[in-house]
Amino acid sequence: MMKKIFAIASALLLVAVSASAQSKGERYTPKKGDWSIGININPVAAGGFDYQPNSKEFLGAYINALAENPSEMYIPGQSLTSIKVKKYLTNSLAVKATLGFTGSHLSYKEYVDDDYAHSINGLSDDKVTDSVLGNLAGGTLALGLQKSLGTGNLKFTLGADVAYTVGAGTLNFKYGNDFAPYNGYKPTSMASTTMDPGAALNDYNEVKFGIAYARPYKRNDIGTVMQAAFYVNAGLEYFLADHISLGLEAVFSPIAFTWQSQSWAIYEGYSTYVNKLMTYNKLISPGSHAITYGTGNFGVNISVNYYF
């Protein structure tokens, strides 16, 4: 992956330098009071947290893996895609604001036996559907300064940002079979939500409130994760045409502070104490924090910018 990224970056740099060398005159260059808006792509930013399954990966395996280590804190890191706005205070110094976002909505479904049909006819092979809905999202707002050096079409840039990131994730479950007398209040459910100790989505392991069987109803595995970070960046910006530029920059975070809130799961089960269906909350993780510095948060931004 890193080899591909550096190959792309090197190719873009070569094109920019070659084009600059062949240019016979200076194109548009930013002036005091000018604005720009750009789209950034950071191909190394997705390494901190998976927002979707890998290519050809079975969706069920991905959802199970997400719930397998519910107390492990993830680092939101930099956004894969972002929008950057700049305003030039002088001909070479600009203030900038960057808004990054990423996320996914996944719907995983499985067929399970229809308990009601089976209670009427033991040979029935009718099916109902269980489903898991996964929602993952993250966003970053960064504010900073950028200094441009050079007078031609190709400019060297230096910058710094203060960034704040918020990320969150939940799993919601919908079952085709209810808790009922005909299934002994132990409805057929997808394998990952049964009482099997190896089932990643279900860590229910004890009888409480007179409940002999429970299954997850909602899980807030990731919780809410917040990160405050300081970034420095350096790169090149080449003006392909009037008011349009191509940017390439390395982004590094020398220090970042991260906090994760409590994560929890809501279970549902039939209570013989009160003779009705109950839901109850079970804490998964009390919350965590981390300080990272020196390494572990590196990115490469490739951007297209329009000046006006």
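Trainee: In this predicted model, are Glu237 and Lys86 buried or exposed?

Mentor: Glu237 is buried, and Lys86 is buried as well. Such a label rests on a cut-off, because buried means under 20% relative accessible area.

Trainee: What do the side chains of Glu237 and Lys86 form where they meet?

Mentor: Side chains of opposite charge can pair when their charged atoms come close. Here the side chains of Glu237 and Lys86 meet in a salt bridge, at 3.8 Å from N to O. This pair links distant parts of the chain, with Glu237 in strand β6 (residues 211-241) and Lys86 in strand β2, 151 residues apart.

Trainee: How many salt bridges does the model contain?

Mentor: The count comes to five salt bridges. One of them joins the side chains of Lys84 and Glu249, at 3.9 Å from N to O.

Trainee: Which residue forms a salt bridge with Arg215?

Mentor: Arg215 is paired with Glu268, and their closest N and O atoms are 2.9 Å apart. Glu268 lies in strand β8 (residues 263-271) and Arg215 in strand β6; the pair links distant parts of the chain, 53 residues apart. Both of these residues, Glu268 and Arg215, are buried.

Trainee: Why does Gly167 count as buried?

Mentor: The label follows from the cut-off: Gly167 has 1% relative accessibility and therefore counts as buried. Gly167 is part of strand β5 (residues 154-174). Its C-alpha atom is separated by 5.8 Å from that of Thr224, a residue 57 places away along the chain.

Trainee: Where in the protein chain is confidence lowest, and where is it highest?

Mentor: Confidence should be read for the whole chain and then by element. The mean pLDDT of the protein chain is 82, and 82% of its residues reach 70 or more. Confidence is lowest in helix α1 (residues 2-22), with a mean of 49, and highest in helix α3 (residues 115-120), with 95. Over residues 1-7 the pLDDT is below 50, and this stretch has six contacts in the model beyond near neighbours in sequence.

Trainee: How many contacts beyond four places in sequence does the model have for residues 20-24?

Mentor: The model has three such contacts for residues 20-24, over which pLDDT stays under 50.

Conventions
Residues numbered from 1 in each chain as written. Predicted model: local features only at pLDDT ≥ 70, side-chain atom pairs only at ≥ 80, totals over all residues. Heavy atoms only, no water. pLDDT = per-residue confidence, 0-100. Helix = DSSP H or I, 4+ residues; strand = E, 2+ residues; numbered from the N terminus. Contact = heavy atoms within 4.5 Å. Salt bridge = Lys/Arg side-chain N within 4 Å of Asp/Glu carboxyl O. Buried < 20%, exposed > 50% of the residue type's maximum accessible area, 1.4 Å probe, protein only.
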